[in-house]
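This report concerns the architecture of a single structure, with attention to its cores, secondary-structure elements and selected residues. The sequence and coordinates are shown first.

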Amino acid sequence: MDQKPYVRPTWDEYFVEIMHAVAKRATCDRGRSGCVIARDRQVLVTGYVGAPRGAAHCDEVGHQLKKVTHENGTISEHCMRTAHAEQNAIVQAAKLGISIDKGTLYCSMTPCSTCAKMIVNAGIVRIVCEKKYHAGAESERLFRDAGIELAYLSDETMTYPSKE
């Protein structure tokens, strides 16, 4: 019986697997996403999508959806009850006094424009996304202009179920 030799995951694959575990704590079923920030092959902080501490979660009370009209005229819906995984990871680093400067951020999809601004200002130098975000063009431009490397593990675009 031929048994294939074990192949260790790459560092990106390793941190993405950790991101998947972190995402399981998310409290918004519309997008259970996670984030890992690492540097020098070490996890610095993690974050997942969820309501602020002490506030009701989407999984408990439903979504707080708002429509956003983009520059190109398209309209998308976003849940405003939660803080994004990237935001929570950056806030966790600040709370704990952990520098994430020159780190790599691993996330479920292209960060939104608000998260992208925080990522740029936090000094992140590389972003690895599992999938693309349907409204990610603005963030992609911002990362390119800031000289931040952006890598995708898949060309697939994240889709959301329509929920109330």
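The model is a predicted one. Its largest nonpolar core comprises 24 residues, and those touching the most other members are I37, I100, L105, I119, I124 and I127. Two or more residues of this core come from each of strand 1 (34–39), strand 2 (42–48), helix 3, strand 5 (104–109), helix 4 (113–122) and strand 6 (126–133). Apart from this core lies another one of eight residues, including F15, V22, V36 and Y106.

L105 illustrates the contacts made within this region. Residues up to four places away in sequence being set aside, L105 touches C35, V36, I37, E86, I119, I124, R126, I127 and V128.

## Helix 1

Helix 1 spans residues 11–23, a run of 13 residues. From the first C-alpha to the last it reaches 18 Å, close to the 18 Å expected at 1.5 Å a residue. The buried residues of helix 1 are D12, F15, V16, M19, V22 and A23. Because these residues cover an arc of only 110° around the axis, they lie on the same side of helix 1. They pack against strand 1, strand 2, strand 5 and strand 6.

## The hairpin of strand 3 and strand 4

Strand 3 (residues 65–69) pairs with strand 4 (residues 75–79) in the antiparallel sense, over five bridges. T69 is placed opposite I75 of strand 4. Five residues lie between the strands of this hairpin, and G73 adopts a positive phi near 95°.

V68 is located in strand 3. Its contacts, not counting residues up to four places away in sequence, are T74, I75, S76 and H78. V68 and A93 are 25 residues apart along the chain, and their C-alpha atoms are separated by 29 Å.

## Accessibility of selected residues

| Residue | Relative accessible area | Class |
|---|---|---|
| C35 | 0% | buried |
| A85 | 1% | buried |
| C28 | 3% | buried |
| T82 | 13% | buried |
| V68 | 30% | partly exposed |

A85 belongs to helix 3 (residues 85–96). Neighbours within four places in sequence being left aside, A85 is in contact with S33, G34, C35, G47, Y48 and V49. The C-alpha atoms of A85 and T159 are separated by 17 Å, the two residues being 74 apart along the chain.

T82 lies in the loop between strand 4 and helix 3. With residues up to four places away in sequence not counted, T82 touches C28, V49, G50, A51 and C58.

## Cysteines

How many disulfides does the structure hold? The count is zero. A disulfide is a covalent bond between the sulfur atoms of two cysteines. For C35, the closest cysteine sulfur is that of C107, at 6.1 Å, which is too far for a bond. The cut-off for such a pair is 2.5 Å between the sulfur atoms.

Key: Residues are numbered from 1 along each chain as its sequence is written. This is a predicted model: local features need pLDDT of at least 70, side-chain atom pairs count only at pLDDT 80 or more; totals for chains, interfaces and linings use all residues. Side-chain values use heavy atoms; hydrogens and water are left out. Helices (H or I, at least four residues) and strands (E, at least two) are DSSP runs, numbered from the N terminus. Buried means under 20% relative accessible area, exposed over 50%, partly exposed in between (1.4 Å probe, protein chains only). Contact means heavy atoms within 4.5 Å. A nonpolar core is a set of buried Ala, Val, Leu, Ile, Met, Phe, Trp, Tyr and Cys residues joined through side-chain atoms within 4.5 Å. Two strands pair if DSSP finds at least two bridges between them. The expected span of a helix is 1.5 Å times one less than its number of residues. The arc is that of the directions from the helix axis to the C-beta atoms.
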